[in-house]
Amino acid sequence: MKLLVEFDRKFEDFYRHYQEKDGTLKYNEMIKNIQINKASSIEIYYEDLLDFSPYLARHLIENPEPIVEDAENALDNILRGYSKGEVKKGYVNFIPSEIVSDIIIPITELRAKHNAKLVGIKGNIIAKQRPKIQIKKACFKCQLCGATFKAKKTTARVQKPSRCITINCKARKSDFKYVKKENEYNRTQEILVQTLPNDIHCGQNRIKVNLNEDLMKIARKGTNVFIWGIYIILIKSRSDYESHIDAVGIKTI
Ligand SMILES: [Zn+2]
């Protein structure tokens, strides 16, 4: 828990203090402009992050899920400071970079060993589903200690957590009450990305990719894209599994 707070603060520092050569506070300006442009996301260039904090940049590659969440929490904190009213949730698009060449994997070469890791894929968008609203975090109340908390939804159906967030609370699965009305939702869109013609590898040549909010705008059917995302394998039965990528960044190529 301590570690996450540390990352969170580092992202706030990055947004507030990253300076271009001419002295422009690039991300500070970008965040100020979010409300003016009625947008909900900012674009982070990996090279900037690497320049500001090699530590953060490395952790984004090695441990993408909490880092992306912290980057978004830090963005929300700053947005709340700028606005007195209700603040729309902010999203971050980590623009994929060629610098980290070892995470770029041909679609045909995605394997179980890539599960939960950050991967870079290149391909053509051959299909696009309608956007849908889904539960991002499910809310639970512990009936033993009274704590209310949100847990990321990682399975197809909402499942009660196996332990409480309160240290020393002995609550078990059956002690948690699902508080549906406090859930956190987000809009996602599924696209199907097919390997580019120059990929000579054999194997499954297409992959489903989930895009959040503003990332959807970049994705048009027929375009070639470079995507950074977290590769997820969901086991359906002993012999059947499904895989997809939760995008954290996308750019057209
Ligand atoms: Zn508890």
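Trainee: Which residues touch the most other members of the largest nonpolar core?

Mentor: Val193 and Ile227 do, in a core of 40 residues. Helix H5 (residues 64-82) gives the largest share, six residues. Keep in mind that this is a predicted model: local features need pLDDT of at least 70, side-chain atom pairs count only at pLDDT 80 or more, and totals for chains, interfaces and linings use all residues. Residues are numbered from 1 along each chain as its sequence is written.

Trainee: What makes a set of residues a nonpolar core?

Mentor: The members are buried Ala, Val, Leu, Ile, Met, Phe, Trp, Tyr and Cys residues, joined through C-beta atoms within 7 Å.

Trainee: And why is Glu65 called partly exposed?

Mentor: Buried takes 20 or more other C-beta atoms within 10 Å of a residue's own, exposed takes 12 or fewer, and partly exposed is in between, with C-beta atoms placed from the backbone. Glu65, which lies in helix H5, has 15 C-beta neighbours inside 10 Å, so Glu65 counts as partly exposed.

Trainee: Why are H2 and H5 called oblique to each other?

Mentor: Helix H2 (residues 26-36) and H5 pack at an angle of about 60 degrees, with their axes 10 Å apart. Under 35 degrees is roughly parallel, over 145 roughly antiparallel, 65 to 115 roughly perpendicular, and the rest oblique. H2 and H5 are therefore oblique.

Trainee: Which residues make that contact?

Mentor: Among them are Ile31 and Ile34 of H2, and Leu75 and Ile78 of H5; contact means C-beta atoms, placed from the backbone, within 7 Å.

Key: Helices (H or I, at least four residues) and strands (E, at least two) are DSSP runs, numbered from the N terminus. Axes are lines fitted to C-alpha atoms, for helices over the stretch in contact, and angles run from 0 to 180 degrees between N-to-C directions. Two residues are in contact if their C-beta atoms, placed from the backbone, lie within 7 Å.
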